Amino acid sequence: MSSGETCYAIECYFRLNKLLDIWTCVVGSCNGLLCLIGSSTPRDHWLCFWNPAMRTKSKNFTIFFDSFPDSCLFNFSFGYDNLTRTYKVVAFFVEVGKHPRCVVKVFSLGDNSWRDIQCFPVLPLYWSHHDTNNGVHLNGTINWIALRDYVVNSNITNITVDQCVILSLDLSTETYTQLLLPRRFDKVSCYRPKVVVLMGCLCFCHDFEKTHFIIWQMKNFGVQDSWIQLFKISYENCFGWSNLLPLYLSKNGDTLILAHDECNEAFIYNCRDNRVEKIEITNGEIWSTTKDYFESFVSTH
């Protein structure tokens, strides 16, 4: 094979068609469309959209990294603008220093270009953790756990409850809202709090006294008084694991899938009888990076 040829490893349609020696990552899944970013060299970065059910993929779009220092670490999120019916990718990075700042860019599928938008009014808590579920999409918004009065390299145990908010970006107006957390959330643990989407609602998850894992559900998006405590799960029922990440909740609310955010293990939790069962998958999947997906006929162009 000549040096100019590209070698493909073709797998079944629901897995990535991987280019050998090329790094590929799934940014997110929305309405049956997957957003991927990848790189073949340290200076060659691209973005594309893939519909596994249709077996179609967009062309690769160049990412703007050349205009930033190599040390910049961008976080990416993927969602849908309900007003303009446009799929958008949000990318940001935080520049550390005495006065930290951030750069936020948006890519729109259709005009296929990157634009700068207003910087975050508060900084996402885990902007440097690229293995964290950083930015979740719900009903035309992207949502992050964020901190007021952010101090770079501050210990999480020094963070106060009053500093914590959910930063929500409206993809239609490209403006921000700060959502308040449940009133009964009164202590920040040493384990990462998280936001996830379960059963079509925004959920806030956190450790409680190193004995329980609590999941709150915001019944009415944006309304603080609509938070309800969905689950309070004893770690004794979870093999003693902590630092959990909810991945899926069944429609009837009986079955919850949770992953250990650091050890790449997962289990099924039966909410009615507190019964748990480990999920044994040996194909190297990283549970904390899994995405919801359902088949659709959405175009990749």
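Modeller: Gladly. Bear in mind that this is a predicted model. Let us begin with W114, which has a relative accessibility of 19%.

Colleague: Why is W114 called buried?

Modeller: Buried means under 20% relative accessible area. W114 has 19%, so W114 counts as buried.

Colleague: What makes the rings of F107 and W114 a tilted pair?

Modeller: Two values decide that. Ring centres must lie within 6.5 Å to pair. Here the centres are 5.3 Å apart, so the rings pair. Planes under 30 degrees apart would be stacked, and over 60 edge-to-face. These planes stand at 55°, so the pair is tilted.

Colleague: And F107, buried or exposed?

Modeller: F107 has a relative accessible area of 1%. That is under 20%, so F107 is buried.

Colleague: How do you know that F74 and F93 are a pair as well?

Modeller: Their ring centres are 5.0 Å apart, which is within 6.5 Å, so they pair. Their planes are at 55°, so this pair is tilted.

Colleague: Which parts of the chain does that pair tie together?

Modeller: F74 lies in the loop between β7 and β8, and F93 in strand β9, so the pair ties together parts 19 residues apart in sequence. F74 is buried at 7%. F93 is buried too, at 4%.

Colleague: How many aromatic pairs are there?

Modeller: The count comes to 16. One aromatic cluster includes F74, F93, F107 and W114, along with F49 and F61 among others.

Colleague: Let us turn to charges. What makes D225 and R183 a salt bridge?

Modeller: The closest N and O atoms are 2.7 Å apart. The limit is 4 Å, so D225 and R183 form a salt bridge. D225 lies in the loop between β19 and β20, and R183 in the loop between β16 and β17, so the pair ties together parts 42 residues apart in sequence.

Colleague: Why are both partners called exposed?

Modeller: Exposed means over 50%. D225 has 61%, so D225 is exposed. R183 has 58%, so R183 is exposed.

Colleague: What about D254 and R272, which form another salt bridge?

Modeller: Their closest N and O atoms are 2.9 Å apart. D254 is buried at 17%, whereas R272 is exposed at 67%.

Colleague: Why is E265 called partly exposed?

Modeller: Its value is 30%, which falls between the cut-offs of 20% and 50%, so E265 is partly exposed. E265 meets K278 in a salt bridge, at 4.0 Å from N to O. K278 has 35%, so K278 is partly exposed as well.

Colleague: How many salt bridges does the whole structure hold?

Modeller: A search finds nine. D81, K88, R115 and E174 are linked in a network of them.

Colleague: One last residue. How do you know that S226 is buried?

Modeller: S226 has 8% relative accessibility, under the 20% cut-off, so S226 counts as buried. S226 sits in the loop between β19 and β20. A polar atom of its side chain lies 2.7 Å from the backbone oxygen of V223. S226 also touches residues including Q217 and N220.

Colleague: And the chain as a whole?

Modeller: The chain has 24 strands and zero helices. Of its 301 residues, 49% are buried.

Definitions and conventions: Residues numbered from 1 in each chain as written. Predicted model: local features only at pLDDT ≥ 70, side-chain atom pairs only at ≥ 80, totals over all residues. Heavy atoms only, no water. Phe/Tyr/Trp six-rings, centres within 6.5 Å; stacked < 30°, edge-to-face > 60°. Helix = DSSP H or I, 4+ residues; strand = E, 2+ residues; numbered from the N terminus. Buried < 20%, exposed > 50% of the residue type's maximum accessible area, 1.4 Å probe, protein only. Polar contact = N/O pair within 3.5 Å; in protein donor to acceptor, adjacent residues only side chain to side chain. Contact = heavy atoms within 4.5 Å. Salt bridge = Lys/Arg side-chain N within 4 Å of Asp/Glu carboxyl O. Lists of a residue's contacts leave out its neighbours within four places in sequence.
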